[in-house]
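Trainee: I would like to learn how to read a model like this one, feature by feature. Please give the general idea and then the case at hand.

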Amino acid sequence: MVDTNQSPTAVLFPYVRAEKSELMRWITALPEVGGLLPKKREAIIELVAEAERLEAAALERRAEAYRASLELEASARCNWSADEIERAKQNTR
């Protein structure tokens, strides 16, 4: 069963967890690790954070679009009957 509360990033990339400090933490446990590896890990963490911000923004934009579509249909209902609107919807399916 898929958890619908998971972000799309978590679903597509199950190794990416919501807890950023856990992401590829094993890199920091390597003996004498330094230089580029920890920096690359931090860059990945930032990419995941950016993806999550973009997903949240996209979710909000979809909600705005949905509300706007409801307003548009309400406006149409001021000028056309329910039957006319239903026929128009059926003709476009």
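Trainee: Is Glu32 buried or exposed?

Mentor: A residue is buried under 20% relative accessible area, exposed over 50%, and partly exposed in between (1.4 Å probe, protein chains only). Glu32 has a relative accessible area of 83%, so it is exposed. Keep in mind that residues are numbered from 1 along each chain as its sequence is written, and that this is a predicted model, where local features need pLDDT of at least 70 and side-chain atom pairs count only at pLDDT 80 or more. Totals for chains, interfaces and linings use all residues, while side-chain values use heavy atoms, with hydrogens and water left out.

Trainee: What is the phi of Glu32?

Mentor: Most residues other than glycine have a negative phi. Glu32 has a positive value, near 55°. Met24 also has a positive phi, near 50°.

Trainee: Where are Glu32 and Met24 placed?

Mentor: Glu32 is in the loop between α1 and α2, and Met24 is in the loop between α1 and α2 as well. Helix labels come from DSSP: a helix is a run of H or I of at least four residues, a strand a run of E of at least two, and both are numbered from the N terminus. Met24 is partly exposed, because its relative accessibility is 27%.

Trainee: How many helices and strands does the protein have?

Mentor: There are three helices and zero strands, and from the N terminus the order is α-α-α.

Trainee: Which residues of α2 are buried?

Mentor: They are Arg41, Ile45, Val48 and Ala49. Over the whole protein, 11% of the 93 residues count as buried. Arg25 lies in the loop between α1 and α2 and counts as partly exposed, because its relative accessibility is 44%.

Trainee: What makes the nonpolar surface patch?

Mentor: Patch members have over 30% relative accessible area and no salt bridge; like charges are joined within 9 Å, and nonpolar side chains (Val, Leu, Ile, Met, Phe, Trp, Tyr) within 5 Å. Here Trp26, Leu30 and Leu37 make a nonpolar patch of about 290 Å². Areas come from the Shrake-Rupley method with a 1.4 Å probe; for residues, only the protein chains shown count as cover. Trp26 is in the loop between α1 (8-12) and α2, and it is exposed, because its relative accessible area is 51%. The accessible surface of the protein comes to about 7800 Å², and carbon and sulfur atoms hold 60% of it.

Trainee: How many salt bridges are there?

Mentor: Side chains of opposite charge can pair when their charged atoms come close. The rule used is a side-chain nitrogen of Lys or Arg within 4 Å of a carboxyl oxygen of Asp or Glu. That gives six salt bridges. One of them joins Glu64 to Arg61, at 3.1 Å from N to O. Both residues lie in helix α2 (residues 36-77), three residues apart, about one turn of the helix. Glu64 is partly exposed at 32% relative accessibility, whereas Arg61 is exposed at 58%.

Trainee: Which residues are linked in a network of salt bridges?

Mentor: Glu73, Arg77 and Lys89 form that network. Glu73 pairs with Arg77 at 2.8 Å, N to O; the two sit four residues apart in helix α2, about one turn. Glu73 also meets Lys89 at 3.1 Å, N to O. Glu73 lies in α2 and Lys89 in helix α3 (residues 82-91), so this pair ties together parts that are 16 residues apart in sequence. Glu73 is partly exposed, with a relative accessible area of 27%; Arg77 is partly exposed at 38%, and Lys89 is partly exposed at 27%.

Trainee: What share of the contacts comes from residues 24 or more positions apart?

Mentor: A contact means heavy atoms within 4.5 Å. Among contacts with a separation of 6 or more, residues 24 or more positions apart account for 34%.
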